[in-house]
Amino acid sequence: MIESKKIERKSIRIFFAIFPNKQVQKQLIYHSEMLESIYGGHKIKMQHLHMTLLFLGDINIHQIQTLQQIAKIISAKKFELKLDIIGYWKHNHIIYIKAKEFPAELFSLTDSLKIALSENGFVFDNRAYKPHITILHKTICHINTNMIKPIQWYVNQWFLIQSQPTHNGVEYIPLNHWYLE
């Protein structure tokens with residue numbers, strides 16, 4: 001008889017992000033449904049719509065407390081996003097929404113996060129930050145257009161998220177959040 005043992009997972013997939021409020025989520029879903037009917041693909045679940053600040057990938061579960069301590073000392077200001085462009089990235093087959101112009105406060109938050117994490121020995125992909133919200137994946141199109149009615153998004157908090165695989169796809173589990181000043 002083979003004895004079954006529970007295997008403890010020692011690493012988890014982590015990222016920092018901002019999540020839109022319900023009103024902004026509904027507007028993003030409206031656009032994703034409209035575009036899905038034209039271009040196909042799969043829309044992102046409403047509760048998964050987000051803008052990644054920094055993706056860390058797999059980290060040791062014991063590093064979560066350190067991440068939270070680092071994030072706690074980061075000081076950043078509230079900001080507003082005017083999402084007004086719909087675009088497509090051919091290399092990963094996604095349709096996204098982004099802003100023509102991003103506020104300095106967004107880059108200040110991501111830069112502060114990168115610096116603090118680097119100083120504490122965390123390794124992450126340090127390529128140029130391209131803020132966007134993926135609304136459709138597994139699609140093929142060549143859309144790059146201005147939105148007729150931009151989406152206004154007031155951002156006042158940010159999150160540490162665990163990306164957990166499940167039988168029904170990936171689930172995002174908030175581990176902590178911090179308010180912007």
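1. The place to start is an open sheet of five strands, ordered β2-β6-β5-β4-β7 with antiparallel pairing. Its edge strands are β2 (42–43) and β7 (145–155), each of which pairs on one side only. Strands here are DSSP runs of E with at least two residues, helices are runs of H or I with at least four, and both are numbered from the N terminus. Two strands pair if DSSP finds at least two bridges between them.

2. A word on what you are looking at: this is a predicted model, in which local features need pLDDT of at least 70 and side-chain atom pairs count only at pLDDT 80 or more, while totals for chains, interfaces and linings use all residues. Residues are numbered from 1 along each chain as its sequence is written, and side-chain values use heavy atoms, with hydrogens and water left out.

3. Strand β5 (residues 94–99) deserves a look. Five of its six residues are buried, meaning under 20% relative accessible area with a 1.4 Å probe and protein chains only (exposed is over 50%, partly exposed in between). Six bridges join β5 to the antiparallel strand β4 (residues 79–89), and Trp 89 has Ile 94 as its bridge partner in β5. The β4–β5 hairpin has four residues between the strands, and His 93 there takes a positive phi near 55 degrees.

4. With strand β6 (residues 133–137), β5 runs antiparallel through four bridges. Ile 97 has Ile 133 as its bridge partner in β6, and Tyr 96 stands opposite Thr 134 in β6.

5. Helix α1 (residues 22–39) lies across β2, β4, β5, β6 and β7, at about 30 degrees to β6. That angle is between N-to-C directions, on a scale from 0 to 180 degrees, of axes fitted to C-alpha atoms, for helices over the stretch in contact.

6. Now the rings. The structure holds eight aromatic pairs; rings of Phe, Tyr and Trp (its six-membered ring) pair if their centres lie within 6.5 Å, with planes under 30 degrees apart counted as stacked, over 60 as edge-to-face and the rest as tilted. One of them is the tilted pair of Phe 16 and Trp 158, at 5.7 Å centre to centre and 45 degrees between the planes. Phe 16 is in strand β1 (residues 11–18) and Trp 158 in strand β8 (residues 157–166), so this pair ties together parts 142 residues apart in sequence. Both Phe 16 and Trp 158 are buried.

7. What does Phe 16 do with Trp 178? Their ring centres are 6.4 Å apart with the planes at 45 degrees, so this pair is tilted too. Trp 178 sits in strand β9 (residues 169–179), 162 residues from Phe 16.

8. Finally, the packing. The largest nonpolar core has 51 residues, of which Phe 16, Met 51, Leu 67, Leu 81, Leu 117 and Trp 158 touch the most other members. Such a core is a set of buried Ala, Val, Leu, Ile, Met, Phe, Trp, Tyr and Cys residues joined through side-chain atoms within 4.5 Å. Beyond its neighbours within four places in sequence, Leu 67 is in contact (heavy atoms within 4.5 Å) with residues including Ile 14, Phe 16, Leu 117 and Leu 160.
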